Structure formats: structure tokens, C-alpha cells
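Please open the structure in your viewer and keep the selection tool at hand. The tour below moves from one selection to the next and says what is found at each stop.

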Amino acid sequence: MFLTLSSVLNARDLARVLKKTGDLDWQDGARTAGGRARAVKRNLQANLRSGPGAALHDFLMTTLSAHPVLVAAAQPARFSRLMLSKTGPDGRYGRHVDNPLMGEGPDRLRTDLSFTLFLSDPATYDGGDLVVEGVSGNHSAKPAAGDLVLYPSGDIHEVKPVTRGERLACVGWIESRVRDAQARTTLFELENIRASLGAKLPPDAPDHLALDKVISNLVRRWSAG
Ligand SMILES: O=C(O)CCC(=O)C(=O)O
Ligand SMILES: [Fe+2]
């Protein structure tokens, strides 16, 4: 699954986030990359654990974890901590795979899905496309600020070199309660049918309950743990 979700942050929230990024403490991004990924990572990352970054982290996490389409597509059991990445001229993140497990102890999470929430207006920078090498071919994305791209953590991907301007993005990972990607896709399709029926049928139509039952039983069958 490779999906672009539009306007996950609306214009007002985006402006609020961008204003806050000016106060953050930025460090070399290679510090958080493992193995082969470290050698190809050239970006800066902000501290979102303490200081002004912590409130920004809470705000972004609340927004993302409540987004209905992201929830329907990813079926999140848990989100990783979010990272804010800044890539300037000559910055990039070459082809790599993400770590399969992140965090320690009870915070440890299996990375099923990766996402990038784009924060910069694409007209303000050159390069910086996110390219994901999926089973059915390459997907390239450089969407509007506020849009989010969701893709399988197991796919090789890269951020193309930024040759002008600055690319700001929020990145994170999701452990899904539905581990199997095909099952997740089926559930997303059913959730889309549920949403479109909701707009067409009266709330007491028996088909709603019939579909709710099918979706619940599939989640029960397919959920991990
Ligand atoms: O900035 C991006 O769009 C993706 C970053 C990435 O691949 C990573 O942090 O592992
Ligand atoms: Fe990555």
C-alpha cells in the first residue's frame, strides 16, 4: 500500500507547526540511523522529547492518531515517537530500509508502516522527493504541505537530494494491529465502503449493522496478539 492523504494538517495547524519549528534544537540525523542507513543519511532532526519540541510532539501525535483515513488504512496498534526532519541543500537520505523494531522495553514496536507528513510548500525547494520501491514499481511523492504519505516499512526507499531550499517533514512508524498487509488492504476497502454507505443510507438501515459485523469479525480474526 502506498497512499497519499491530503490535508492531514489544515492550513491553520500547518502554520502553527511551522512557527514552532523555529524554536527547536536541531541535531545531526545520522545519530538515529542504524547500519547501512547511517552512511546515506544527511539531514537534521529536532529534539521533540523536551523543551518546545515536546508540546509540538503531542500536538502532531494527537492530530495523526485521530485522523480517520490514516486509522482506517493503517489500523494502528501503536505509533513510534515522531521525528522532525530538516533537509537543506546537499541533504538527502539515500536508499535504505527502516529498522524492523524500534524503541526499547515496553516501547518496542514492530514497524509495519512508515509515514512522512510533508511540512514545506513544494514550490520552495527542489529535489527532496520521497521514492518508495514497491512490489508493483516505484512511487515518487512530493505532495503539498500538510499531506501525508503512508508506505510499507519493508520497502526500500529514499529521499532524493535537496538542491535548493529546505524540506521539512515529520516522519514516524506504525505497528498495525493487523500484521498482514493484504488483510489490512481488505479492511481499508471495507472501511471505505462503510464510509460511502454512511453517506447514502439512513442511519437505521440494516446494512450498516451487517457491515459492522463483517468488519468487526475480520479485525478479530486478523488482529495480532
Ligand atoms: O523524510 C522522509 O520522507 C523519509 C525519512 C526516512 O526514510 C527515515 O527517516 O527513515
Ligand atoms: Fe526510512
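**Around the ligand**

Begin by selecting ligand 1, which is surrounded by Ser-85, Tyr-93, Asp-98, Thr-116, Leu-130, His-157, Val-159, Ala-169 and Val-171, a residue being counted as near a molecule or strand if its C-beta atom, placed from the backbone, lies within 6 Å of it. Two or more residues of this shell are given by each of the elements β15 (156–159) and β17 (167–176), where strands (E, at least two residues) and helices (H or I, at least four) are DSSP runs, numbered from the N terminus. Sorted by class, the shell around ligand 1 has five nonpolar, three polar and one charged residues; Ala, Val, Leu, Ile, Met, Phe, Trp, Tyr, Cys and Pro count as nonpolar, Asp, Glu, Lys and Arg as charged, and the others, Gly among them, as polar.

This is a predicted model, in which local features need pLDDT of at least 70 and side-chain atom pairs count only at pLDDT 80 or more, while totals for chains, interfaces and linings use all residues. Residues are numbered from 1 along each chain as its sequence is written, and chains are lettered from A and ligands numbered from 1 in the order in which they are written.

**Strand β6 and its partners**

Next select strand β6 (residues 83–87), where four of the five residues are buried, meaning that 20 or more other C-beta atoms lie within 10 Å of the residue's own, with C-beta atoms placed from the backbone. Strand β4 (residues 44–46) runs antiparallel to β6 and is joined to it by two bridges, and here Gln-45 stands opposite Ser-85; two strands pair if DSSP finds at least two bridges between them.

Technical notes. A residue is buried if 20 or more other C-beta atoms lie within 10 Å of its own, exposed if 12 or fewer, and partly exposed in between; C-beta atoms are placed from the backbone.
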